[in-house]
Amino acid sequence: VAGPLGSTLSTRFGARPVAMAGGFLSGLGLLLGAFATRMTHLYLSVGVLAGLGWALVFTPSLGTVGRYFPARRALATGLAVSGASVSGLALGPLVPLLLDTYGWRGALLLLAAISFNLVAAGALLRPLPVPNKSPGPPPDRPGLIRLLRHGPFLRYALAFVLVDAGYYVPFVHGAARAHEVGCDEHRAGLVMAAMAAMDGGGRVAAGWLAARPAVPLLRHLFAWAALTGLTALLLPLGTSFGGLLALALAYGFCAGALVPLQFAGVAEVVGAGRLVHAIGLMQMFESFGSLLGAPFAGWLRDVTGTYTISFLAAGAFLLAGSLLILTLPGFFHPSR
């Protein structure tokens, strides 16, 4: 929800100081969480403070990458966001080890130390001049208001509200689905690790493919969104470890391919001049779909007794979002 705040501050003060401040807040939130004595303390520290810090890091960083590389925006974005998959693979086995060795307070202290490194990472965002900047309104607070009246941008944002409502369901409920079909803890973990690994590979591969000028970026985006929805619909067919693993690999790759194209596609819709503001608003809108999708899938599991309907609903959300991409200007008749 703090995405627009990150974009506004980075426009006013630059990406470097805002990202550094966000890194400090994220580490501070985890650090304070280690001393919590009530759940309220964790809501305020790990939830609000660290969450605010991550928003102040993510929006300026991704917007800066998109403006540094206008000709290869999708590839640059794919390489940047692949870091999330690498860290996810590393922290998957690391966090349980930290919990067993140091307890939850010690684990939060060590995660805070990791997060404080975002300050150094933010310092690497050099304030270079932006080449080939598209003409547009001044990057100020009214720029956010103009985007809220920008029909194509609102349709694009709605598309990814729907996409995110289904996107996270296999990542959140995949392990439980593996247990449901008879996998033990080790095999369930292997399914999730394989999906995360393919997610990282899909991010880089989609960015590289989108850098080829033969097909407009929005068409790449539609294709990957539709494929992600179709693979989600097929996940209930994985009734054994081998079948579920194969489908999880396919879903992870397609889902990963969506991420860099989603943010690179923002520039296609609103222009590079409003990219940072648009990414901030996208984050805010998407958070609603992200927050609703996984609990809704869990509720469907409680009602039906199986995850079949949950994954079918996730696939339906993804396909609905992909269809909205077809309505964007420039999809059928791309302009230079």
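**Note on salt bridges and helix packing**

1. Arg 177 counts as buried, because its relative accessibility is 6% and the cut-off for buried is under 20%. Keep in mind that this is a predicted model. Arg 177 forms a salt bridge with Glu 180, and the closest N and O atoms are 2.6 Å apart. Both residues sit in helix 7 (residues 169-180). They are three residues apart, about one turn of the helix.

2. Glu 180 is partly exposed, at 28% relative accessible area. Glu 180 also meets Arg 301 in a salt bridge (3.1 Å, N to O). Arg 301 lies in helix 11 (residues 275-304) and Glu 180 in helix 7, so this pair ties together parts 121 residues apart in sequence. Arg 301 is partly exposed, at 25%.

3. How many salt bridges does the whole structure hold? The search finds three. One of them joins Asp 199 and Arg 203 (2.7 Å, N to O). Both lie in helix 8 (residues 185-210), four residues apart. Asp 199 is buried, at 5% relative accessible area. Arg 203 is buried too, at 11%.

4. Now the packing of helices. Helix 3 (residues 39-68) and helix 4 (residues 73-123) pack at about 160°, with axes 11 Å apart. That angle makes the two helices roughly antiparallel. Their crossing is right-handed. By class, the contact has 12 nonpolar, three polar and one charged residues.

5. Ser 10 lies in helix 1 (residues 3-13). Ser 10 counts as buried, at 9% relative accessibility. Leaving out residues up to four places away in sequence, Ser 10 touches Ala 15, Val 18, Pro 60 and Val 276.

Terms used. Residues are numbered from 1 along each chain as its sequence is written. This is a predicted model: local features need pLDDT of at least 70, side-chain atom pairs count only at pLDDT 80 or more; totals for chains, interfaces and linings use all residues. Side-chain values use heavy atoms; hydrogens and water are left out. Buried means under 20% relative accessible area, exposed over 50%, partly exposed in between (1.4 Å probe, protein chains only). Contact means heavy atoms within 4.5 Å. Axes are lines fitted to C-alpha atoms, for helices over the stretch in contact, and angles run from 0 to 180 degrees between N-to-C directions. Angles under 35 degrees count as roughly parallel, over 145 as roughly antiparallel, 65 to 115 as roughly perpendicular and the rest as oblique. A crossing is left-handed if the near helix is turned anticlockwise from the far one by less than a right angle, and right-handed if clockwise. Ala, Val, Leu, Ile, Met, Phe, Trp, Tyr, Cys and Pro count as nonpolar, Asp, Glu, Lys and Arg as charged, and the others, Gly among them, as polar. A salt bridge is a side-chain nitrogen of Lys or Arg within 4 Å of a carboxyl oxygen of Asp or Glu.
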